[in-house]
Amino acid sequence: MPRAFEELVAEAESAPVGGWGFSWLEGRATEERPSWGYARLMGERMASASVALDVQTGGGEILAGVSKLPAGTVATESWPPNIAHAAALLRPRGVSVVAAGDVFPFADDAFDLVVSRHPVATAWMEIARVLRPGGVYFSQQVGPGSVFELAEYFLGPQPPEVRGRRHPDRARAQAGSAGLEVVDLRMESLRTEFFDVGAVIYFLRKVIWMVPGFTVARYRPQLRALHDRIQADGSFVAHATRFLIEARRPS
């Protein structure tokens with residue numbers, strides 16, 4: 001039976017949004033996964049690395065899933081709720097979790113592998129600085145206009161310069177400016193569906209940059225209309241974009 005709007009709202013507003021897992025959305029939203037399999041590829045690189053850094057680890061969920069981690073692996077995170085979550089998850093694996101943003105508290109040439117999944121921004125100069133000669137940066141990132149069908153539902157049409165942010169061509173240029181050589185770069189568009197308005201609320205509470213300043217109170221009329229639309233159509237369809245980038249510091 002369809003659930004009432006107020007029930008879905010109350011449930012989504014009370015759901016915890018710490019960490020970077022999305023298990024709360026199981027059965028309520030789906031997103032296609034990129035064909036390359038970031039976690040597997042990252043795990044393969046971790047297995048052959050000697051010293052590794054995971055930047056913007058979130059709640060540490062992806063790194064914790066790697067079967068073999070180099071001794072002395074380090075992770076950084078800047079959002080306090082995520083720091084505590086990541087520390088509890090990763091310290092038993094021997095991973096040091098460091099509170100840090102775009103400036104890394106590490107020496108030059110400290111790591112032979114730096115990884116990052118869905119960084120908010122990429123500190124290319126810092127990454128190049130802490131990589132050893134021959135070291136690799138490996139990252140899956142959010143691409144341009146990702147899930148913008150949802151963002152524009154609330155914010156209205158966005159200008160080309162906003163929709164074009166996070167383009168992989170820009171990442172390639174920034175990597176090159178930092179002295180890194182891009183050895184792999186690919187992008188995919190992935191079907192995303194939300195099956196109830198509670199899933200939308202939870203997603204926007206967690207991915208806070210999608211609709212800045214989002215609250216249920218602020219957008220209640222739009223949420224009510226979206227609830228009716230999902231009830232009629234079965235889901236709200238959007239498209240996420242992801243790109244994979246691998247860049248090497250020359251030996």
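The lining of the second largest pocket comprises eight nonpolar, six polar and four charged residues, where Ala, Val, Leu, Ile, Met, Phe, Trp, Tyr, Cys and Pro count as nonpolar, Asp, Glu, Lys and Arg as charged, and the others, Gly among them, as polar. The structure is a predicted model, in which local features need pLDDT of at least 70 and side-chain atom pairs count only at pLDDT 80 or more, whereas totals for chains, interfaces and linings use all residues. Residues are numbered from 1 along each chain as its sequence is written, and side-chain values use heavy atoms, with hydrogens and water left out.

The second largest pocket holds about 350 Å³ of space. Of its 18 lining residues, Gln56, Glu77, Asn82, Val120 and Trp209 are the closest to its centre. A pocket is an open set of points on a 1 Å grid over the protein atoms alone, with protein on both sides within 12 Å along at least five of seven lines; a cavity is a set of points where a 1.4 Å probe fits but cannot get out, and lining residues have an atom within 4 Å of a point. Grid points are joined across faces, edges and corners, and a volume is the space filled by probe spheres set on the points.

Two cavities of 30 Å³ or more were counted by this rule. The largest cavity has a volume of about 80 Å³. Its lining consists of Trp20, Tyr38, Met42, Asp54, Val55, Gln56, Thr57, Gly58, Gly59, Glu61, Ile62 and Arg117, that is, five nonpolar, four polar and three charged residues. At least two residues of this lining come from each of helix H2 (38–48) and helix H3 (61–64); helices (H or I, at least four residues) are DSSP runs, numbered from the N terminus.

The second largest cavity contains about 30 Å³ of space. Val55 and Gln56 are among the residues that line this cavity, as are Asp102, Phe104 and Tyr137. By class, its lining has seven nonpolar, three polar and one charged residues.

Helix packing was examined next. The axes of helix H1 (residues 5–14) and helix H9 (residues 197–206) come within 8 Å and cross at roughly 25°; axes are lines fitted to C-alpha atoms, for helices over the stretch in contact, and angles run from 0 to 180 degrees between N-to-C directions. H1 and H9 are therefore roughly parallel to each other, since angles under 35 degrees count as roughly parallel, over 145 as roughly antiparallel, 65 to 115 as roughly perpendicular and the rest as oblique.

Helix H6 (residues 148–155) and helix H10 (residues 220–233) pack at about 135°, with axes 10 Å apart, and are therefore oblique to each other. In their contact (heavy atoms within 4.5 Å), Leu150, Tyr153 and Phe154 of H6 meet Gln222, Leu223, Ala225, Leu226 and Arg229 of H10. This contact involves six nonpolar, one polar and one charged residues.
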